[in-house]
Amino acid sequence: TGGHTTEILRLLSCLSESYSPRHYIIADSDKMSEAKIRSFEQKRAETFSSSQFTLDRIPRSREVRQSWTSSVVSTLYSILYSLPLTYKLKPDLILCNGPGTCVPVCISALLLGLLGIKRAIIVYVESICRVETLSLSGKILYYFSDYFIVQWPNLKEKYPKSVYLGRIV
Amino acid sequence: FRFKDSLAQDLRGADLVISHAGAGSCLETLEQGKPLIVVINDKLMNNHQLELAKQLQSDGHVLCCSCSTLVETLQSMDLSTLKPFPPGQPEKFASFLDKVVEFQ
């Protein structure tokens, strides 16, 4: 979704072309991210002509303030959807930054890893908005990601296994 | 106006920005180097937007107020106390990620 997309594109801005092809996964209800992503990739293609990317949509796991029980159901549905997609993409590296959309994808990747099909490195970057507390996605993925990056020192103190690089967006 | 694709042009022409506490609005404004007053919606419970606004205020980058104290803030504000907001460094993330991937 909007803010998350802007942040993640900033994170991508300094990455070399080794990080290619890039596969973007967004929520089906997201109206604004596709344009931002295409614009970013278009500019990138001007510098790196062999640049490649794909874009897929999955059902949104959870609406803001959705109830606990219905969130579990909708997340399970999103996992059912994202599992074949993740299997098809077989990513080496998953980069996510907090929208509910990332949880089913990461869970799918973890399952594929457990089954010995493909082991992806999961890197989670908590949003710049999160100064004192983690988002729900963050709280879940703190335990399941390989690297968990926070952008404010308070969070590094509270979550000692996290990585603090300062503000990176 | 209701929604625009980008506020960049309006921001460039502004001398002072008064905004809600949304991260995008705050950061975009600060990156353009404009003085910013953040109005906090005290009716939203468990508002995590507050975290960023409070941190930015305590770091001296913005002034915060509520709807009811806005007028008073505008009257008594001293914008020269606001400190410039250094940009984020995605290159640090890139270096970090390069090292991560190298070891796998």
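A salt bridge is taken here as a side-chain nitrogen of Lys or Arg within 4 Å of a carboxyl oxygen of Asp or Glu. The structure is a predicted model, in which local features need pLDDT of at least 70 and side-chain atom pairs count only at pLDDT 80 or more, while totals for chains, interfaces and linings use all residues. Residues are numbered from 1 along each chain as its sequence is written, chains are lettered from A and ligands numbered from 1 in the order in which they are written, and side-chain values use heavy atoms, with hydrogens and water left out.

Over all chains, the salt-bridge rule gives a count of ten. In chain A, A:E17 pairs with A:R22 in a salt bridge whose closest N and O atoms are 3.3 Å apart. A:R22 also forms a salt bridge with A:E41, with the closest N and O atoms 2.7 Å apart. Since A:R22 lies in strand β1 (residues 22-27) of chain A and A:E41 in helix α2 of chain A, this pair ties together parts that are 19 residues apart in sequence. Helices (H or I, at least four residues) and strands (E, at least two) are DSSP runs, numbered from the N terminus. Both A:E17 and A:R22 are buried, a term that means under 20% relative accessible area, with exposed over 50% and partly exposed in between (1.4 Å probe, protein chains only). A:R22 has a relative accessibility of 9%, and A:E41 is buried at 2%.

Helix α2 of chain A also holds A:E34 and A:R38, four residues apart, about one turn of the helix. Their salt bridge has its closest N and O atoms 2.9 Å apart. A:E34 is partly exposed, at 23% relative accessible area, and A:R38 is partly exposed at 40%. Through shared partners, salt bridges join A:E17, A:R22, A:E41 and A:R44 into one network.

A:S33 belongs to helix α2 (residues 33-47) of chain A and is buried, at 0% relative accessibility. Its side chain makes a polar contact with that of A:T5 (2.6 Å). A polar contact is a pair of N or O atoms within 3.5 Å; within protein, one must be able to donate a hydrogen and the other to accept it, and residues adjacent in sequence count only if both atoms are side-chain atoms.

The next subject is the interface. Chain B has 25 residues in contact with 27 residues of chain A, where contact means heavy atoms within 4.5 Å. The two chains bury about 2300 Å² between them, 67% of it on carbon and sulfur atoms; buried area is the accessible area (1.4 Å probe) that two parts lose on being put together, summed over both. In chain B, B:E51, B:F93 and B:F96 lose the most area to chain A, together 26% of what that side buries. The rule finds two salt bridges across the interface. B:E51 and A:R130 meet through their side chains in a salt bridge (3.9 Å, N to O).

In chain B, helix α3 has B:E51, B:L52, B:A53, B:Q55 and B:L56 as its buried residues. These pack against α6 (153-158) of chain A together with α2, β2 and β3 (63-66) of chain B. After α3(B) comes B:G60, with a positive phi near 80 degrees.
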